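Below is a short note for a colleague who has not seen this structure before. The points cover the metal sites and then the salt bridges.

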Amino acid sequence: MILDYHIHTFRCGHAVGTVAEYVAEARRKGFLEFGFSEHLPLYWIPAEQREPDFALSDEELPIYIAEVQQVRKDNPDLSIKLGIEADFIPGYEQELKQILRLLPLDYVLGSVHFLDSWAFDDPGKIEEYNKYDIHDLYQLYFQYVQLAASSGLFDIISHPDLIKKFGFRPNNSIENLYRQTIEVIKENNLCVDVNAAGWRYPCAELYPSPDFLKLCFEYDIPITLGSDAHKPEQVGEGLDRAIMILKEIGYRQVATFTGRQRFMMELG
Ligand code: ZN
Ligand code: FE
Ligand code: FE
């Protein structure tokens, strides 16, 4: 089975293509199962102070859900999932819990995109990296990932080593930091989003790295697959290559979700 659980749409403000256009592209490429994972509104920031092109607005969230439900009805031969990509912000766990509780989701991807108020994956904010010792920055980032994993809010940890996006990497080994993080992911029974978008950025590597994935396999952590498409033509992009890496490591199965329950399937 080859599937794609990480797809955005124009509604987040920094992607293009409608839900229906992504479905048409996924169908053309032969995907039988895929899911949308639009950026949840920036719930911890007052609505009038939010960046307009980071995520759905509060008003668009129900529209997005209705659109995914509509394509599901229009394409009964495909398994189309309703997911969401939610930011993890320490201190706002209860707020997020209340929002997610009310949504008819198949799965929730938990993402660390912000360290305090710094959107460290935003190309417009790269200069901030110069303010940090990169080793310390990695410690801080993975601490957030560990908090996200132990929050109980998520089903899947998105792109677990996103901090490498622009190619800033520490000189010393971070295997212990990986291992610590993977132990927390394991204790909380989460999946890891194997995300091909890393190949589109300066880090030029799968998220997470093969070294990280080898440790995940050692700890028997399930994985999902995602292109993180922000354009219809990116649906499924890089996933063949990701599957080759996964199989080499030893993975034979991929996780799927329905109503936030996990099921395992054979990897394509
Ligand atoms: Zn995005
Ligand atoms: Fe993300
Ligand atoms: Fe994403």
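1. How far apart are the iron ion (ligand 2) and the zinc ion (ligand 1)? They are 5.5 Å apart. Please keep in mind that this is a predicted model.

2. The iron ion (ligand 2) is held at 2.1 to 2.2 Å by Glu85 (OE), His113 (NE2) and His159 (NE2) as its protein donors. Their spacing is E-x27-H-x45-H. Glu85 is in strand E2 (residues 79-87) and His113 in the loop between strand E3 (107-111) and strand E4 (114-115); the two are 28 residues apart and link distant parts of the chain. Glu85 is buried, at 1% relative accessible area, and His113 is buried as well, at 8%.

3. How many salt bridges does a search of the whole structure find? The search finds 18. One of them joins Arg11 and Glu67, whose closest N and O atoms are 2.7 Å apart. Arg11 is in the segment before helix H1 (19-28) and Glu67 in helix H2 (residues 60-74), 56 residues apart. Arg11 counts as buried at 15% relative accessibility, whereas Glu67 counts as partly exposed at 23%.

4. Lys125 forms a salt bridge with Glu51, with 3.8 Å between the closest N and O atoms. This pair also links distant parts of the chain: Lys125 is in the loop between strand E5 (118-119) and helix H4 (134-149), and Glu51 is in the loop between E1 and H2, 74 residues apart. Lys125 is partly exposed at 27% relative accessibility, and Glu51 is partly exposed at 37%.

5. Arg179 and Glu218 meet through their side chains in a salt bridge of 3.0 Å, N to O. Arg179 counts as partly exposed, at 24% relative accessibility, and Glu218 as exposed, at 52%.

6. Which residues are linked in a network of salt bridges? The network is made of Asp161, Lys164, Arg169 and Glu205.

Conventions: Residues numbered from 1 in each chain as written. Chains lettered and ligands numbered in written order. Predicted model: local features only at pLDDT ≥ 70, side-chain atom pairs only at ≥ 80, totals over all residues. Heavy atoms only, no water. Donors = N, O, S within 2.8 Å, 3.2 Å for Na, K, Ca; no water. Helix = DSSP H or I, 4+ residues; strand = E, 2+ residues; numbered from the N terminus. Buried < 20%, exposed > 50% of the residue type's maximum accessible area, 1.4 Å probe, protein only. Salt bridge = Lys/Arg side-chain N within 4 Å of Asp/Glu carboxyl O.
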